Amino acid sequence: MERIETQQDYVVCIKPVGVSSEDGPGSMPALLRQELGGEIFPVHRLDLNVGGLMVYARTKAAAAKLSQAVQEGTMIKEYLAVLHGIPEQPEGCYEDLLWKDSRKNKVFVVTRCRKGVKQARLTYRCIETVNGTTLVHIRLHTGRSHQIRVQFASRRTPLLGDHKYGSRDETKSPALWSARLTFPHPKTKELLTFSCLPSGTVWDGFQAPQLSELP
């Protein structure tokens with residue numbers, strides 16, 4: 001775990017792959033409490049097998065403000081991912097209806113609304129293609145379970161290492177990284193932005209990306 005910034009109201013850190021973003025033994029909140037003392041309040045989440053930037057509140061008041069930012073869409077979450085193949089368009093918007101099978105912990109794209117179905121939206125831009133794989137920059141506009149993974153997989157461009165959604169390569173976890181996080185300061189409302197690029201075998205074949213703005 002690496003802390004990027006620690007303030008009285010919040011802490012921005014890098015969640016390692018394999019560490020839970022939610023409360024529990026050995027989780028990010030538990031590790032942060034052990035290191036910083038006091039309370040730690042989760043306000044958003046990352047899948048267990050996904051790493052990258054997260055923000056946690058350190059007071060109940062800050063948790064309420066940051067949770068409000070999530071609900072209102074003023075917390076902007078951006079990701080990098082490596083895909084099998086190349087999307088049909090170099091940039092675009094994916095909008096789908098998603099349904100989660102909780103028993104299998106798997107999400108499906110469906111064609112009509114029914115109980116449990118939620119709308120999902122993201123925008124993306126392709127950065128570079130190398131040896132049939134594509135590095136993409138993604139902005140989430142909704143925060144659905146497994147959203148990025150299933151929306152790209154449904155278009156036959158699953159993430160490297162995402163064996164749940166169609167990848168058959170030897171990468172051990174989905175090539176997905178929380179790369180940039182923007183949110184209003186819980187007290188001053190100043191807009192704060194933090195960035196962190198991934199490293200490792202999956203990412204090293206690409207040039208260091210410049211994260212330009214996404215709509």
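How many bridges join S5 to S10, and which way do the two strands run? I started my notebook with that one. I found six bridges between S5 and S10, and the two run antiparallel. Strands here are DSSP runs of E with at least two residues, helices are runs of H or I with at least four, and both are numbered from the N terminus. Two strands pair if DSSP finds at least two bridges between them.

Before going on, I jotted down that this is a predicted model, where local features need pLDDT of at least 70 and side-chain atom pairs count only at pLDDT 80 or more, while totals for chains, interfaces and linings use all residues. Residues are numbered from 1 along each chain as its sequence is written, and side-chain values use heavy atoms, with hydrogens and water left out.

**Strand S5**

I looked at who faces whom. Ala81 stands opposite Leu176 in S10. I also checked S9 (residues 133-140), which pairs with S5 in the antiparallel sense over eight bridges. There, Glu78 sits opposite Arg139.

Next I asked how many residues of S5 are buried. Seven of the nine residues in S5 (residues 76-84) are, so the strand is largely enclosed by the rest of the structure. Buried means under 20% relative accessible area, exposed means over 50%, and partly exposed is in between (1.4 Å probe, protein chains only).

**Salt bridges**

I got 13 salt bridges in the structure. To count, a side-chain nitrogen of Lys or Arg must be within 4 Å of a carboxyl oxygen of Asp or Glu.

I picked Glu22 and Arg45, whose closest N and O atoms are 3.5 Å apart. Glu22 is in the loop between S2 (10-15) and H1 (28-36), and Arg45 is in the loop between S3 (41-42) and S4 (51-57), so this pair ties together parts 23 residues apart in sequence. Glu22 is partly exposed at 41% relative accessible area, and Arg45 is partly exposed at 38%. Both belong to a network of salt bridges that also links Asp47, Arg149 and Asp162.

Arg121 lies in S8 (residues 117-130) and Glu95 in S6 (residues 91-101), so parts 26 residues apart in sequence are tied together. Arg121 is partly exposed at 31% relative accessibility, whereas Glu95 is exposed at 56%.

My last pair was Glu39 and Arg33, with closest N and O atoms 3.7 Å apart. I noted Glu39 as partly exposed at 45% and Arg33 as partly exposed at 24%.
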